[in-house]
Amino acid sequence: AGPAGMLQPRDTPSRERRELGGLWSFRADLSPGRDAGFAQRWYRRPLRQSGPVIDMPVPASFNDITQDPSLENYIGWVWYEKEVLLPLRWLQGDPAPRVVLRFGSAHYYSIVWVNGVQVVEHEGGHLPFEADISSVVRGSPGTLCRITVALNNTLSPHTLPPGSIQYMTDRSRYPKNYFVQNIKFDFFNYAGIHRPVVLYTTPAAYIDDITVTTTSSDSAAVVQYQVSVVGSTASSLSLSLRDQEGKVVATGDGLMGELKVLNPNLWWPYLMHENPGYLYSLEVKMQAQVGGVLLEDVYTLPVGIRTVHVTSTQFLINGRPFYFHGVNKHEDADIRGKGFDWPLIVKDFNLLRWLGANSFRTSHYPYAEEIMDLCDAYGIVVIDESPGVGIKLPESFGNKSLQHHLAVMEELIRRDKNRPSVVMWSVANEPASELPPAAHYFKTVIAHTKALDPSRPVTFVTDANYALDHGAPYVDVICVNSYLSWYHDSGHLEVIPLQLTAQFENWYKTYQKPIIQSEYGADAVPGLHSDPPMMFSEEYQMAMLREYHSVFDKKRKEYVIGELIWNFADFMTNQGTTRVLGNKKGIFTRQRQPKAAAFVLRDRYWKIANESSCLPPVITSHSLFL
C-alpha cells in the first residue's frame, strides 16, 4: 500500500477540496481484445476526438445507466474523461500548494492520466487511491485540466474478489471471441467510478497521516497519537482535543504523545447509552519552514474514546458486554448500482435505527468513507470486511493472491484505523477454508492484520464445517454463516433447532471462542403469502427467523455474542435459475420498503436493547432518535 497516509480530504484553514461529480464522458472499448484505447492512445487527446462518447454520471456504476444490454454485462476496459478548470490560487505561490486527485473507489483496475500524463495506477475496488498532480497542472494555469481514467472490471484468480474469464470456443454455439466472466460470489459485479472524485490541496509541507488509539478508566482516558509530516524536516506540531461544545479538554505537541482527558465522554454504541457516538475533534496544526517560507497546515480528525476486548464468551466495549443485533448490507440500489448516493445512505441509516440495529458487517467489501462517518457519529458498530469474497479455487491461495490480500488489508486499515465504530476486521467471507493451503494463507493474513493494528480483534466469516476449517484457529471471534432449511433440508423448518444448537456447541467446544451468527435468512418475494409457510413467501421468512431466534436466546446466555440477518435489503445478482431479479433475502425490498420479517426483527432488536441497556426502560421502538 506504500508508506503514504490516506487522510480523508477535508476543508480546513489550509486545505481546499472540490468534488468532480456530475457528468463525465464515457466509452466502452468494444474492440475484440478490449485494447484499442491503449493502441490508439485515447488518453493523449480529448476522448471525443477519438470516437463517440456518451454522458456517464459519476459516481455510479455504468451497468444500468443505458438501454444497451452489452454494457449491462460488459467486461473489459472502459474510459472516463472530465475537463475541469483549476483556481489560479492552486497553481501559484512559492512554494505553490500541492494539488491532489483522489478517487474514493473505482472498480476494479484503474489507470489515470492528467493532460495525457499518467499519474497513478491502482489495483482493487472499494478503497481510495490518489496522486499528487501538482507538477502536471502547474505548467498550464488558466487552461482546462483533462482527467482521463481507464478502468477494467476483469477479475482473475488472484484479484480480490477473485474471478476467471472463460472463452467459449464452440463456433456452433457461440460467436467469435465470445467470453464470460465467472465469479464465486452472489452479488452483481457492478463496475465504474463508484465513489466521489475530488481534487484537494495541501501546503507544500503537510500533515500526511495521523494514527490515534484510546484507553480509558472510570475517570480518565488517554488518547495516544502519532503524526507524520512530509515536505519538511524542520516542523513543529501542536494538538488540541475539543469536546462537542468546542471546549479544549487536552493539548499536546510533537509527532507522538498522549493526551489525557479527565471524566471523558466515551464513544458508546447506539441503544447502549443515552448519548451514543460521542466524538471529540482532534485539531492538528503543523508549522514548517520551506525555502525560507513559514507554512501552516491544519487537519481535524474526529476521535471517539472507546476500548474493545474479547474474552472466551464475551465481546466488551468500554468494559461492558456488547451483543451484535444487526444486519449485513450491500452497496446496491436501482439504476446507480454501487454508486455513492446520499439520499439512499441517509434512508438506510434511518431504517437501521428504526429497526433497532446496533451494528452491521460491510459485506463483502469496505463501504464508502461517508457511510463510515455516519457510523462513527450515530454509534453504529461495524465489522469492517475486506473484498475477500469468493476465494474458492486452490490457485487463489497462492503467493500472488496472498501478496495482494496483504496489500488490501494495509489499504483498509490505513483508511479506517481511527474509526471508533470499527471494532473488528474481517479478512474474508466464506473462503474454501477447508482446503489445506488455507491454514498458511489465513495465518499469514490475520497475523499481518494484527501487526498493522494490534488494537482490534480479527476474524473471517466461515461456512465450512467446524472440524475441517483450517483458518478458524487464528481468529479471535468465530463468525458462522448457515442457511438451515434453505440451501439444504429445504422447507423443513423443524430441523433448525437441532442443527443450529449442534452448530454452536460444536464450534464452541472446538475453539472456546465467542460466536456470531454472521449470516442467516431466507428469500421472500414481497407480497407472496402462504399459510402454512412455504419457501419464498413472507411467512416462511418470518418463520425461519423465529426458529433461529429461539436458539439464539438460549445460546446468547452462554457464548453467542451476535446475530446479523442476511440481508438488510434485496440486491442484484447475476442472472440464474434461483435468482428472480436478484437476491430476495432482504427484510426490506431493494426500494427500502419493509417486508413482514422487518417487523419481527424490529420487535426483537428493541426488546434486546431494553434488556441489555443501562438506561431506564424508556427506549421503545417509538423512541427513534431521528
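1. Which helix is Glu369 found in? Helix α5, which covers residues 369-378. Before going further, keep in mind that this is a predicted model, and everything below should be read that way.

2. Next up, the surroundings of Glu369. Its relative accessibility comes out at 6%, so Glu369 counts as buried, the cut-off for that label being under 20%. Leaving aside residues up to four places away in sequence, Glu369 touches Gln8, Arg102, Pro128, Arg415 and Arg419.

3. On to the pockets. The largest pocket has a volume of about 840 Å³. Its lining is made up of 32 residues. If you want to find its centre on screen, pick out Glu72, Asn73, Phe188, Asn574 and Gln575, which lie nearest to that point.

4. Where does the lining of the largest pocket come from? At least three residues are drawn from domain 1 (16-153 + 189-202), and at least three from domain 3 (308-612). As for secondary structure, α2 (69-72) and β12 (179-183) each supply at least two lining residues. Strand β12 gives the most, with 4 residues. By residue type, the lining of the largest pocket splits into 12 nonpolar, 14 polar and 6 charged.

5. The second largest pocket has a volume of about 730 Å³. Here 36 residues form the lining, and Thr211, Val212, Thr213, Lys417 and Asn418 are the closest to the centre. Sorted by type, the residues lining the second largest pocket are 14 nonpolar, 14 polar and 8 charged.

6. Why does the second largest pocket lie between domain 2 and domain 3? Because both domain 2 (206-303) and domain 3 (308-612) give residues to its lining. Look at β15 (206-216), β16 (220-230), β19 (256-262) and α6 (399-416) when you trace that lining, as each of them supplies at least two residues. The largest share, 7 residues, comes from β15.

7. Finish at β15, which provides the largest share of the lining of the second largest pocket.

Technical notes. Residues are numbered from 1 along each chain as its sequence is written. This is a predicted model: local features need pLDDT of at least 70, side-chain atom pairs count only at pLDDT 80 or more; totals for chains, interfaces and linings use all residues. Side-chain values use heavy atoms; hydrogens and water are left out. Buried means under 20% relative accessible area, exposed over 50%, partly exposed in between (1.4 Å probe, protein chains only). Contact means heavy atoms within 4.5 Å. On a 1 Å grid over the protein atoms alone, a cavity is a set of points where a 1.4 Å probe fits but cannot get out, and a pocket is an open set with protein on both sides within 12 Å along at least five of seven lines; lining residues have an atom within 4 Å of a point. Grid points are joined across faces, edges and corners, and a volume is the space filled by probe spheres set on the points. Ala, Val, Leu, Ile, Met, Phe, Trp, Tyr, Cys and Pro count as nonpolar, Asp, Glu, Lys and Arg as charged, and the others, Gly among them, as polar. Domain bounds come from an automatic or database domain assignment.
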